Amino acid sequence: MATDRLSMAGTDENPLGIFLRDRRARLDPVTYGFSSSRRRTPGLRREEVAQRANVSATWYTWLEQGRGGSPSADVLDRLARALALNPVEREHLFLLAQHRPPQVRYEAPHGVTPRLQRVLDAMTYSPAFVRTVRWDIVAWNHAATQVLGDYAAFPPEQRNSLRLIFGNPQVRERMTEWESDARAIVAAFRAEIARIGASRDVEAFVAEMCEQSPEFADMWGDHDVRAYGEGTKHMRHPVVGPVALDYSVFAVSDQPGLSMVVYSPATPEDAVRVRRLVDGPAGSGVS
């Protein structure tokens with residue numbers, strides 16, 4: 001029976017209708033204020049979904065039958081709410097209905113999960129941290145504390161890469177290529193907030209940075225954009241001297257407002273320096 005159902009689903013020419021019916025059948029009527037009596041099938045009825053989405057019951061029926069045409073983004077958003085879809089299911093709904101993902105909708109992250117922190121901690125000799133789209137540093141590992149600096153020494157509002165780069169003299173001194181690195185970071189920050197749909201959410205932060213740092217204001221005014229997916233960071237550590245670190249930036253699944261930045265020694269000599277810092281006394285400063 002299960003094989004027959006899979007076979008039928010694989011050959012159906014209305015995948016949107018299949019998805020809508022499947023998600024409708026998973027909802028408990030009582031949870032959404034409907035009676036559970038006299039129902040021949042599980043889940044909500046079509047007219048109940050239509051009512052929750054504020055669309056015509058006839059049109060919704062046609063949509064499940066493959067006759068409703070192409071729904072607008074607004075209607076798809078209402079259907080997603082009516083069917084209590086999670087972000088992944090909402091994206092899948094848009095892909096089925098419009099053959100493209102929905103417009104980016106930024107939501108401020110609420111921190112990292114214990115599982116993600118364990119991933120950070122497992123990277124013994126790879127400094128790593130997680131940052132928000134505003135470049136607030138919200139989690140880090142022991143290697144980051146020893147090599148990059150002790151973020152815990154700062155109050156949460158100061159644990160921000162841009163604040164540190166433009167407002168902390170010790171950080172600036174440790175950056176051997178401050179000018180080029182700072183410009184690259186500002187350009188990457190501009191590109192990232194636009195891509196994630198967070199430009200308006202960070203307006204006040206950008207205004208504050210422009211007021212506090214003329215150099216940031218000048219670089220922000222250039223309107224440069226660039227990717228910041230990977231590269232090499234050169235720094236001057238007060239204990240071991242020059243260190244080169246290759247870095248890669250990874251998106252955190254299901255949390256588009258978070259990115260994980262992972263560093264690794266660029267050369268065997270750098271690996272020796274990193275191991276010395278991680279295994280030895282605490283590092284100093286932040287970069």
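In the predicted model, the side chain of Arg 163 forms a polar contact with the side chain of Glu 208, at 2.9 Å. Arg 163 belongs to helix H9, which spans residues 161-167. Despite its charged side chain, Arg 163 counts as buried, because its relative accessibility is 12% and the limit for burial is under 20%. Beyond its neighbours within four places in sequence, Arg 163 is in contact with Arg 134, Glu 157, Gln 158, Asn 168, Phe 205, Glu 208, Met 209 and Gln 212. Ala 207 is located in helix H12, formed by residues 203-212. With a relative accessibility of 45%, Ala 207 is classed as partly exposed. The C-alpha atom of Ala 207 lies 8.6 Å from that of Ala 217, a residue 10 positions away along the chain.

Trp 135 occupies the loop between strand E1 (128-132) and strand E2 (137-140). Its backbone adopts a positive phi of about 70 degrees, although the residue is not a glycine. Trp 135 is counted as buried, since its relative accessibility is 2%. The structure contains 12 aromatic pairs. In one of them, the ring centres of Trp 135 and Phe 189 are 6.4 Å apart and the ring planes stand at 90 degrees, so the arrangement is edge-to-face. This pair connects distant parts of the chain, as Trp 135 lies in the loop between E1 and E2 whereas Phe 189 lies in helix H11 (residues 178-195), with 54 residues separating the two. Both partners, Trp 135 and Phe 189, are buried.

Aromatic rings also take part in arrangements with arginine side chains. Arg 172 is positioned over the face of Trp 178, at 3.7 Å from the ring centre. Likewise, Arg 275 is placed over the face of Tyr 125, where the distance to the ring centre is 4.0 Å.

The axes of helix H2 (residues 15-25) and helix H4 (residues 57-65) come within 6 Å of each other and cross at roughly 115 degrees. On the H2 side, the residues that meet H4 are Leu 16, Gly 17, Leu 20, Arg 21 and Arg 24. Their counterparts in H4 are Tyr 60, Leu 63 and Glu 64. Classified by residue type, the contact of H2 with H4 comprises 4 nonpolar, 1 polar and 3 charged residues.

The buried residues of helix H3 are Glu 48, Val 49, Ala 50 and Ala 53. Among them, Glu 48 belongs to the charged class, whereas Val 49, Ala 50 and Ala 53 are nonpolar. These buried residues of H3 pack against H2, H4 and helix H5 (73-82).

Helix H3 is followed by Asn 54, which is found in the loop between helix H3 (46-53) and H4. The phi of Asn 54 is near 60 degrees, a positive value in a residue other than glycine. Asn 54 is exposed, because its relative accessible area is 62% and exposure requires a value over 50%.

Notes: Residues numbered from 1 in each chain as written. Predicted model: local features only at pLDDT ≥ 70, side-chain atom pairs only at ≥ 80, totals over all residues. Heavy atoms only, no water. Axes fitted to C-alpha atoms, helices over the stretch in contact; angles between N-to-C directions. Helix = DSSP H or I, 4+ residues; strand = E, 2+ residues; numbered from the N terminus. Contact = heavy atoms within 4.5 Å. Buried < 20%, exposed > 50% of the residue type's maximum accessible area, 1.4 Å probe, protein only. Phe/Tyr/Trp six-rings, centres within 6.5 Å; stacked < 30°, edge-to-face > 60°. Lys NZ or Arg CZ within 6 Å of the ring centre and 35° of its normal. Polar contact = N/O pair within 3.5 Å; in protein donor to acceptor, adjacent residues only side chain to side chain.
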